[in-house]
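Here is a short briefing on the packing and charge pairs of a protein model. Keep the structure open while you read.

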Amino acid sequence: MTDTVTVAVPEAHMVAANCLASCLVGQIAGQDTFRGPGYTSATGERYAVASAPKTMWTAAFDPLALPADSDGSVSLDCAYAAQAMVAYWDAQDDVPMPAVGPDVIVALAGMSGMEALAAMGLSPITADET
Amino acid sequence: MMELGLGGLGIYGAGWRGGGVSLPASTLAAWDASVLASLYQDTGGATPVTAADDPVGLWKDQQGSYDLSQATIAARPLYQTGQPRLVFDGVDDHLFAATRLGLAANPAMAVVVALTPKVTGVNDVRVFDLGNSAGVLSCSFGTDGWAWRHNNGNRIFGSVTFGQTVVATWFRAAGSTYGDGRFRLNGVEQAATSTANPVLVPTSTAAELRVGENVTVAGGYTPMDLYTEVVLGTDSLTDIAQAEAWAAARAGVTL
């Protein structure tokens, strides 16, 4: 789907990214948005990835508010720390796509989740499950 | 022939259609994307799905007992029109129910699914996963092929044609081993190509049902379009064929 945004969060920033997600969806349940990490880059860095409706992430740069059901587990400081790391890119943009890295949260729009993962150079962390 | 959905079976009665094809009486659960009234954007069932690209937070079981849901907004599959279906993005989308569908660890069962498997580089992504950890009952596809998976053994069948809509059926007898697992594609039984730990038996009794997620593997999500998923409490070939015909009608597949 092209009206979704696929977001890759470095492992070290998952807590902050989940704070941001909670604010964007307006529910503390948003803290489960980034789990894992389930994906890895070619250089071995690990990322948690989520694919969400575009309308959710286009608001990522707006002023934030705590979720309506906030119980103290989400802070605006935490959410704003993640917001500062977001690099949002749409496939229609006439600028280079941002690269994943340890201190950037890359959000790609205009392509399917699987296409976005390939564009970011991320692959699932898989075990030899039987 | 008994036609479930007619009389006292909740929303299934209202949504039933299929040109005379019905589900067998052995049906334990049936999720059908062609019944719009069974789809909600939220887990509580307050906001119905009405249009393409709406997220699906709740998919009600047509039998009324085993609803699938997803609390995390970003992880909800999207509804699509045309041949109605749920699109799982393979990134994080999945559904869950805290149930075993009343099944024991090693039951007779069949899982009949109309789906379009999407391209994946992963050898094992799960269409249906019952239980947790070792000894689960999982229906899988991936670069290895179609497979029964148990997290400590497997039985693999022919390769997958990604992008092709099919009716896939995983089935097994009560008390059987991993080596006894069987699989049909569009109504035709497929030969196994390999088996790992064939003498083991499923042991998990966890009340956990997942669609689209392999919970034991990070990043283990399933890229697929899902039209319908039916679970039977039998390995009867007569019942399986009936459910396959029902599923095929919902995905536009000719058996």
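**Aromatic pairs**

Y88(A) counts as partly exposed, because its relative accessibility is 24%. The model is predicted.

- Over all chains, the count of aromatic pairs comes to seven.
- F61(A) and Y88(A) make one aromatic pair, edge-to-face, with 6.5 Å centre to centre and 90° between the planes.
- This pair links distant parts of the chain, 27 residues apart. F61(A) is in the loop between α2 (54-57) and α3 (76-83) of chain A, and Y88(A) is in strand β4 (residues 86-90) of chain A.
- F61(A) has a relative accessible area of 45%, so F61(A) is partly exposed.
- One aromatic cluster is formed by F141(B), W146(B), F157(B), F162(B), W170(B) and F183(B).
- W246(B) has the charged end of R250(B) over its ring, 3.8 Å from the ring centre.

**Nonpolar cores**

- In soluble globular proteins, nonpolar side chains tend to be buried together.
- The largest nonpolar core holds 41 residues. Those with the most contacts inside it are W59(B), L86(B), L115(B), F128(B), W146(B) and W170(B).
- A second, separate core has 30 residues, including V7(A), A60(A), M85(A) and A109(A).
- Beyond its neighbours within four places in sequence, W170(B) is in contact with residues including M109(B), V113(B), C139(B), W146(B), R182(B) and F183(B).

**Around A109(A)**

- A109(A) sits in strand β5 (residues 105-109) of chain A.
- Its relative accessible area is 0%, so A109(A) is buried.
- Not counting residues up to four places away in sequence, A109(A) touches T4(A), V5(A), K54(A), Y88(A), W89(A), D90(A) and A91(A).
- A109(A) and Y88(A) are 21 residues apart in sequence, and their C-alpha atoms are 7.7 Å apart in space.

- T169(B) belongs to strand β13 (residues 166-172) of chain B.
- T169(B) counts as buried because its relative accessibility is 0%.
- Is E244(B) buried or exposed? E244(B) counts as buried, at 1% relative accessibility.
- The side chains of T169(B) and E244(B) make a polar contact (2.7 Å).
- Leaving out residues up to four places away in sequence, T169(B) also touches A110(B), R182(B), R184(B) and I240(B), among others.
- E244(B) forms a salt bridge with R184(B) as well, the closest N and O atoms being 2.7 Å apart.
- R184(B) is buried, because its relative accessible area is 10%.

**Other salt bridges**

- Side chains of opposite charge can pair when their charged atoms come close.
- The whole structure has 15 salt bridges over all chains.
- R46(A) forms a salt bridge with E11(A), the closest N and O atoms being 3.0 Å apart.
- This pair links distant parts of the chain: R46(A) is in strand β3 (residues 46-53) of chain A, and E11(A) is in the loop between β1 (4-10) and α1 (14-25) of chain A, 35 residues apart.
- R46(A) is partly exposed, with a relative accessible area of 38%. E11(A) is partly exposed too, at 35%.
- E208(B) forms a salt bridge with R210(B), with the closest N and O atoms 2.7 Å apart. Both E208(B) and R210(B) are buried.
- A network of salt bridges links D124(B), R126(B), D129(B), D144(B) and R149(B).

Definitions and conventions
Residues are numbered from 1 along each chain as its sequence is written. Chains are lettered from A and ligands numbered from 1 in the order in which they are written. This is a predicted model: local features need pLDDT of at least 70, side-chain atom pairs count only at pLDDT 80 or more; totals for chains, interfaces and linings use all residues. Side-chain values use heavy atoms; hydrogens and water are left out. A nonpolar core is a set of buried Ala, Val, Leu, Ile, Met, Phe, Trp, Tyr and Cys residues joined through side-chain atoms within 4.5 Å. Buried means under 20% relative accessible area, exposed over 50%, partly exposed in between (1.4 Å probe, protein chains only). Contact means heavy atoms within 4.5 Å. Helices (H or I, at least four residues) and strands (E, at least two) are DSSP runs, numbered from the N terminus. A polar contact is a pair of N or O atoms within 3.5 Å; within protein, one must be able to donate a hydrogen and the other to accept it, and residues adjacent in sequence count only if both atoms are side-chain atoms. Rings of Phe, Tyr and Trp (its six-membered ring) pair if their centres lie within 6.5 Å; planes under 30 degrees apart count as stacked, over 60 as edge-to-face and the rest as tilted. A charge sits over a ring if NZ of Lys or CZ of Arg is within 6 Å of the ring centre and within 35 degrees of the ring normal. A salt bridge is a side-chain nitrogen of Lys or Arg within 4 Å of a carboxyl oxygen of Asp or Glu.
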